[in-house]
Amino acid sequence: MNETMIQFFHWYSEGDGKLWKEAQNQADYLSELGITSVWFPPAYKGTNGGYSIGYDAYDLFDLGEFDQKGSIPTKYGTKDDYTHAIKALKDKNIQVIVDIVLGHKAGGDELETFKALKVDEENREKIISNEIEIQSYTKFTFPGRKKKYSDFEWNYTCFSGVDYAEGMDSHIFKIKNEYGTDWEEMIDDEKGNYDYLMFNDVEHRNPFVREELNNWATWYFEQTDFDGVRLDALKHISFDFYKEWITLLRSNSGKNIFAVGEYWAPGYLNLLQKYIEVTEGCMSLFDSSLQNNFHTASKEGGSYDLRRIFDETLTQADPFHSVSLVDNHDTQPLQDLEAPVEEWFKPLAYALILLRKDGYPCVFYPDLYGAHYVDKDREGNDQEIFLNKVDGIEELLKARKNNAYGNQRDYFEDANCLGWVREGDEEHSGCAVVLSNKEAYEKPMEMGEKYIGKTFYDALGRFEDKVTIDENGWGNFPVPAGNVSVWLAE
């Protein structure tokens with residue numbers, strides 16, 4: 001069966017410990033749609049306890065089990081809720097992908113005093129102060145856990161930088177430690193060196209830190225039997241570290257753990273390819289360039305040349321390592337990397353990732369279920385956001401599950417209308433797909449000899465009339481203006 005992932009959360013997912021239970025209740029529905037893997041949010045305790053989205057990781061060993069940071073459950077539920085949800089999904093042969101946040105820690109338990117240097121926030125290689133002594137919350141003792149699962153305590157030697165110093169204005173401070181005053185090596189020179197992202201930046205050159213994070217990975221696998229990992233914020237973490245971490249996780253688990261990383265660099269395919277190269281192909285990456293193309297195409301409308309939609313994308317250049325997506329929690333409205341795909345274009349974008357042969361598509365939770373939330377806009381004003389379920393998303397997913405197989409023939413000769421067919425295979429009948437970002441079209445395409453005389457219907461319900469395949473194996477497949485049609489054999 002075709003693989004299909006869902007990101008089962010968004011930045012404003014409902015709290016009160018409901019998400020894990022919701023996932024458990026949705027297992028049957030997701031299976032019917034052809035979802036083969038579920039990507040869950042970070043499941044460990046964050047610095048705001050039951051309110052943390054999870055990317056402000058505090059205690060990796062607290063999966064909603066200990067009274068820490070004001071709650072026992074995480075935002076998404078208790079550890080028991082989490083493991084029950086995982087079991088329900090795996091019982092439906094749906095794999096579980098866990099979110100891994102190992103670049104920074106937040107919410108330290110105690111202040112420590114140490115030496116540091118201020119750096120220029122726009123060029124972190126530029127030191128702008130003499131050596132100074134600061135205090136910061138870099139001591140992590142996890143008193144609520146009482147050393148269960150691990151007795152490792154984090155201190156300032158476990159971090160390379162902080163953005164908080166007691167009694168001082170917020171700034172980025174490079175910690176002076178035995179590893180020197182250089183940041184860890186990155187593959188790009190954005191901001192001079194983009195090792196530092198936020199909070200307490202983990203020092204992956206510390207062998208004790210590496211050992212702890214490797215041991216934790218094995219523990220996490222033993223607790224949950226996950227099938228894959230989503231690696232957060234790769235551009236801020238040593239590529240050598242993750243290459244080692246994944247290798248050891250696969251070895252210690254005895255399982256070929258799937259890995260997909262977030263290296264967000266829209267428009268910079270070369271950086272994605274370079275990262276895959278330096279990590280020796282040990283993980284896939286989200287295709288941020290394709291997502292950016294979707295965003296641009298949805299903004300430009302009929303003036304966008306659809307024949308360029310896959311230009312400079314990982315899905316085109318290296319489909320084996322590409323996880324394709326339309327939106328995610330970072331691109332959704334009111335987030336820092338806000339670049340949402342306009343609602344009218346989303347059915348087209350999903351057809352492009354779900355019904356073609358290249359890439360491993362990932363569906364975003366609000367696009368299947370809808371979402372409603374309120375947050376501050378860039379001017380600091382409250383803004384109410386409604387994200388509607390994508391028109392036809394269920395039919396597109398079912399067409400991927402049942403029909404998107406076999407040889408693919410492209411009809412990309414028109415700037416405003418793309419089409420392709422999938423011939424199907426011995427077990428599945430194929431499909432014909434047409435999309436337009438301008439006028440209504442009718443595109444002649446070859447389905448193949450085995451479909452001669454057969455009739456095709458529009459699975460999305462845009463047309464009542466059927467298409468009959470002629471004596472040469474061809475059919476004329478229409479599409480409405482600014483829309484998509486998917487044709488299946490009766």
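Author: One term before we start: a residue counts as buried when its relative accessible area is under 20%. Also, this is a predicted model.

Reader: OK. Serine 288, then: what is its relative accessible area?
Author: Serine 288 has a relative accessible area of 0%. That is under the 20% cut-off, so serine 288 is buried.

Reader: Which helix is serine 288 in?
Author: Serine 288 is found in helix α7.

Reader: And what does serine 288 touch?
Author: Leaving out residues up to four places away in sequence, serine 288 touches Tyr263, Trp264, Ala265, Pro266 and Leu272. One of these, Leu272, is a buried residue of helix α6, residues 269-278.

Reader: Which other residues of α6 are buried?
Author: Besides Leu272, the buried residues in α6 are Leu269, Leu271, Tyr275 and Ile276. Seen down the helix axis, the buried residues of α6 fall within an arc of 165 degrees, so they line one face of the helix.

Reader: Why would residues a few places apart end up on one side?
Author: An α-helix has 3.6 residues a turn, so residues three or four places apart point the same way.

Reader: What do the buried residues of α6 pack against?
Author: They pack against α5 (239-253), β15 (284-286), α7 (288-300) and α8 (314-317).

Reader: What follows α6?
Author: Glutamate 280 follows α6, and its phi is positive, near 55 degrees.

Reader: New topic: helix α11. Which of its residues are buried?
Author: In α11, residues 393-402, they are Ile393, Leu396, Leu397, Ala399 and Arg400. The arc that holds them, seen down the axis of α11, is 160 degrees, so they line one face of the helix.

Reader: What covers the buried residues of α11?
Author: The cover includes α2 (27-33), α9 (346-354), β17 (360-364), α10 (365-369) and β27 (484-489).

Reader: Proline 361 is in which strand?
Author: Proline 361 lies in strand β17. Its relative accessible area is 0%, and proline 361 is buried.

Reader: What is proline 361 in contact with?
Author: Apart from neighbours within four places in sequence, proline 361 is in contact with Glu3, Thr4, Met5, Ser324, Ile353, Leu354 and Arg400. Arg400 is also one of the buried residues of α11.

Reader: How far is proline 361 from asparagine 214?
Author: In sequence, proline 361 and asparagine 214 are 147 residues apart, and C-alpha to C-alpha they are 29 Å apart in space.

Reader: What lines the largest cavity?
Author: Its lining includes Asp59, Lys105, Phe142, Arg145, Glu212 and Trp216. By class, the lining has seven nonpolar, one polar and four charged residues. The largest share, three residues, comes from helix α4, residues 207-224.

Reader: And the second largest cavity? What is the make-up of its lining?
Author: The lining of the second largest cavity has three nonpolar, three polar and two charged residues. Among them are His104, Leu197, Asp232 and His236.

Reader: Last one: what does the UniProt annotation say?
Author: An unreviewed UniProt entry annotates residues 3-413 as "domain: Glycosyl hydrolase family 13 catalytic". Over residues 3-413, the chain is 27% helix and 22% strand, with the end C-alpha atoms 29 Å apart.

Methods. Residues are numbered from 1 along each chain as its sequence is written. This is a predicted model: local features need pLDDT of at least 70, side-chain atom pairs count only at pLDDT 80 or more; totals for chains, interfaces and linings use all residues. Side-chain values use heavy atoms; hydrogens and water are left out. UniProt positions are given in the numbering used here, feature names are shortened, and annotations may be inferred rather than shown by experiment. Helices (H or I, at least four residues) and strands (E, at least two) are DSSP runs, numbered from the N terminus. On a 1 Å grid over the protein atoms alone, a cavity is a set of points where a 1.4 Å probe fits but cannot get out, and a pocket is an open set with protein on both sides within 12 Å along at least five of seven lines; lining residues have an atom within 4 Å of a point. Ala, Val, Leu, Ile, Met, Phe, Trp, Tyr, Cys and Pro count as nonpolar, Asp, Glu, Lys and Arg as charged, and the others, Gly among them, as polar. Buried means under 20% relative accessible area, exposed over 50%, partly exposed in between (1.4 Å probe, protein chains only). The arc is that of the directions from the helix axis to the C-beta atoms. Contact means heavy atoms within 4.5 Å.
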